[in-house]
Amino acid sequence: MENTYNFKVGMTCSGCSGAVTRILSKTEGVKSFDVSLEKQTVSVVAAGLTQEQVFETIKKSGKPTEII
């Protein structure tokens, strides 16, 4: 079953959004994602992952992250 999770992520430049993109692209179970530097949001479609697991994965980028 796929779920969509949304997060607010403190990204200030393309390097920041690139870090989040790299982490999500390497995460097993992430089917697709949209990183918006302009809105500072990340939307993730995942299968077999909880919202908390995706949250912890994004936090590994070192960027401030909140569940929205």
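These are my notebook entries on what I looked up in the structure.

**Before starting**

I kept in mind that this is a predicted model, in which local features need pLDDT of at least 70 and side-chain atom pairs count only at pLDDT 80 or more, while totals for chains, interfaces and linings use all residues. I also noted that residues are numbered from 1 along each chain as its sequence is written, and that side-chain values use heavy atoms, with hydrogens and water left out.

**Entry 1: the sheet**

I looked up the strands first, taking helices (H or I, at least four residues) and strands (E, at least two) as DSSP runs numbered from the N terminus. I found four strands in an open sheet, in the order E2-E3-E1-E4, with antiparallel pairing; two strands pair if DSSP finds at least two bridges between them. Strand E2 (30–36) and strand E4 (65–67) stand at the edges with a single partner strand each, so one side of each has no neighbour in the sheet. From one strand to the next, I read an average twist of 25°; for such angles, axes are lines fitted to C-alpha atoms, for helices over the stretch in contact, and the angles run from 0 to 180 degrees between N-to-C directions.

I then went through the pairs of strands. E1 pairs with strand E3 (residues 41–47) in the antiparallel sense over seven bridges, and on E3 I found Ala46 as the bridge partner of Asn3 and Ala47 as that of Glu2. E2 and E3 are joined, again in the antiparallel sense, over six bridges, where Ser32 has Val45 of E3 as its bridge partner. E1 and E4 pair in the antiparallel sense over three bridges. I noted that Lys8 stands opposite Glu66 in E4 and also opposite Thr41 in E3.

In the hairpin of E2 and E3, I counted four residues between the strands, and there Gln40 takes a positive phi near 55°. Ser36 has its place in strand E2 and counts as buried because its relative accessibility is 16%, where buried means under 20% relative accessible area, exposed over 50% and partly exposed in between (1.4 Å probe, protein chains only). Not counting residues up to four places away in sequence, Ser36 touches Met11 and Thr41; contact means heavy atoms within 4.5 Å.

**Entry 2: helix H1**

I saw that helix H1 (residues 14–25) lies across E1, E2 and E3, and runs at about 175° to E2. I checked its length as well: at 1.5 Å a residue, its twelve residues should span 16 Å, and the end C-alpha atoms are 16 Å apart, which agrees; the expected span is 1.5 Å times one less than the number of residues. The buried residues of H1 are Cys16, Ser17, Gly18, Ala19, Val20 and Leu24, and they pack against E1, E2, E3 and H2.

**Entry 3: helix H2**

I found H2 lying across E1, E3 and E4, at about 40° to E1. Val54, Phe55, Thr57 and Ile58 are buried in H2. They cover an arc of only 160° around the axis, which puts them on the same side of H2; the arc is that of the directions from the helix axis to the C-beta atoms. I wrote beside this that an α-helix has 3.6 residues a turn, so residues three or four places apart point the same way. The buried residues of H2 pack against E1, H1, E3 and E4.

I then looked at Val54, which lies in helix H2 (residues 51–59) and counts as buried because its relative accessibility is 2%. Leaving aside neighbours within four places in sequence, I found Val54 in contact with Tyr5, Phe7, Val44, Ala46 and Leu49. Val54 and Val44 are ten residues apart in sequence and 8.0 Å apart in space, C-alpha to C-alpha.

**Entry 4: the aromatic pair**

I found one aromatic pair in the structure. Phe7 and Phe55 form this pair, which is stacked, with 6.4 Å centre to centre and 25° between the planes. Rings of Phe, Tyr and Trp (its six-membered ring) pair if their centres lie within 6.5 Å, and planes under 30 degrees apart count as stacked, over 60 as edge-to-face and the rest as tilted. Since Phe7 lies in strand E1 (residues 2–9) and Phe55 in helix H2, the pair ties together parts that are 48 residues apart in sequence.
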